[in-house]
Amino acid sequence: MNQTTRVLVICRASAAGGPRAREAVDLALAFGAFDQQVSLLFAGDGVLNLMPGQSEDGVRSIERLLGALPDYGITPLLADADALAARGIASTTLVPGCRILDERAIAELHDTHDIVLMT
Amino acid sequence: MIFAILVQGSPTGVASSLAAYRFAEAVLAGGHSIARVFFYGAGAAHASAFLVPPAGAADLPHLWQALAAEHSIELMACIGSALRHGVVDGREAARHNLPGASMREGFELAGLGQLVDATLRGERLISFGG
Amino acid sequence: MTLHILSTSPANTDVFDACCAALRPADAVLLLGDGVYAALRDSQAAERLAALPDAITIYAIEEDCAIRAIHARAPFAHALDYPGFVSLACEHARSVSWF
């Protein structure tokens with residue numbers, strides 16, 4: 001495991017609605033923990049996880065989980081501009097450390113990563 | 001070519017899980033190899049010994065078990081996902097005070113590090129979503 | 001060059017739209033499972049795929065079409081079997097699974 005792989009993880013689900021959002025973050029953390037270069041993109045309903053103040057569910061809130069990502073070199077969090085707009089979410093209201101990408105930038109994102117994982 | 005295969009869909013719920021198996025068969029028939037098959041999220045239910053598919057449907061846990069035995073392929077289920085789907089080996093059953101193990105022979109429980117490892121050893125990662 | 005694997009129905013528009021938006025010239029799209037409904041001739045989804053640049057090649061798993069009685073496949077969709085799927089996976093450096 002000495003070469004660095006560029007990994008794009010795409011989260012397309014909300015944490016409140018099921019396990020898939022956490023599965024995406026866990027994938028990102030796992031590749032980050034093994035010193036791979038990870039980008040985490042929130043698209044579709046996944047952008048809903050970037051709204052701050054979501055309450056604890058007894059385990060770990062998604063917000064706290066996202067807060068751990070910079071420790072693994074996973075920063076900034078990438079967010080799909082169209083998905084935010086479709087859900088009426090202003091980019092100024094997101095958790096800290098997000099970068100908003102338009103459709104063209106997202107299509108280019110695939111080309112700059114070796115593997116792409118989605119949940 | 002060396003493939004890593006990631007199965008994210010349930011063994012009875014989605015067409016992509018049958019596609020994952022058919023793909024693996026074709027990989028081996030084509031003279032390629034499989035670094036590891038990793039079952040994640042709803043896919044972890046593939047590792048259950050107690051799953052009965054409906055009549056006429058493919059018995060994917062059994063098919064994977066047979067394919068892995070024939071070709072010496074590692075089948076690994078994410079331990080966190082497995083626990084959430086009622087799949088435990090003897091050690092996890094004891095740790096969580098459960099009446100017994102429910103994991104199918106031929107499968108192992110593993111952390112996500114084993115997916116990272118398979119991905120880095122494989123030349124291609126193909127995932128099958130749920 | 002990315003192989004995009006679409007395994008959900010195009011009626012799941014959020015996923016279908018995101019997949020279409022991510023396509024780049026020289027990418028390929030593989031329809032499997034309910035994804036093959038995007039190859040249903042004269043459907044809205046098929047019209048959308050037909051409008052893509054020719055450099056983007058589209059394949060549909062033949063047995064998934066047959067199971068769903070999709071006999072009138074859109075002309076752009078090349079029928080594919082599993083050995084063909086493996087060849088595509090070898091030819092493309094990376095793949096993305098949309099579901």
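This is a predicted model: local features need pLDDT of at least 70, side-chain atom pairs count only at pLDDT 80 or more; totals for chains, interfaces and linings use all residues.
Residues are numbered from 1 along each chain as its sequence is written, while chains are lettered from A and ligands numbered from 1 in the order in which they are written.

For the complex, the predictor gives an ipTM of 0.96 and a pTM of 0.96.

Staying with chain C, you'll find four helices and five strands. Both kinds of element are DSSP runs numbered from the N terminus, with helices (H or I) of at least four residues and strands (E) of at least two. Walk along chain C from the N terminus and the elements go β-α-β-α-β-α-β-α-β. The radius of gyration of chain C is 12 Å, close to the 13 Å that the globule rule gives for 99 residues, so chain C is as compact as a globular protein of that length. That radius is taken over C-alpha atoms, and the globule rule is 2.2 Å times the number of residues to the power 0.38. Along the principal axes, the C-alpha atoms of chain C fill a box of roughly 30 × 30 × 25 Å. As for burial, 49% of the 99 residues of chain C count as buried. Here buried stands for 20 or more other C-beta atoms within 10 Å of a residue's own, exposed for 12 or fewer, and partly exposed for anything in between, with C-beta atoms placed from the backbone.

One backbone detail to look up in chain C is C:Asp42, which has a positive phi of about 70° although it is not a glycine. C:Asp42 sits in the loop between strand E2 (28-31) and helix H2 (44-50) of chain C. With 8 other C-beta atoms within 10 Å, C:Asp42 is exposed.

Now for chain A. Chain A also reads β-α-β-α-β-α-β-α-β from the N terminus on, with four helices and five strands. The radius of gyration of chain A is 13 Å, close to the 14 Å that the globule rule gives for 119 residues, so chain A is as compact as a globular protein of that length. The C-alpha box of chain A is roughly 40 × 35 × 20 Å along the principal axes, and 45% of the 119 residues of chain A count as buried. Among contacts in chain A between residues at least 6 apart in sequence, 70% join residues at least 24 apart. Have a look, too, at the cis peptide bond joining A:Thr75 and A:Pro76, where omega is about -5°. A:Pro76 belongs to the loop between helix H2 (62-67) and strand E3 (77-80) of chain A.

Strand E3 (residues 75-78) of chain B pairs with E4(B) in the parallel sense over four bridges, and B:Cys78 stands opposite B:Ala110 in E4(B). In the loop between helix H2 (60-71) and E3 of chain B is B:Ser72, which has a positive phi of about 55° although it is not a glycine. B:Ser72 is exposed, with 7 other C-beta atoms within 10 Å.

Finally, the interfaces. Where chains A and C touch, the contact takes eleven residues from chain A and ten residues from chain C. The largest share of chain A's side, five residues, comes from H4(A). Between chains C and B, the contact takes 14 residues from chain C and 18 residues from chain B. On chain C's side of that contact, H4(C) gives the largest share, six residues.

Terms used. Two residues are in contact if their C-beta atoms, placed from the backbone, lie within 7 Å. Two strands pair if DSSP finds at least two bridges between them.
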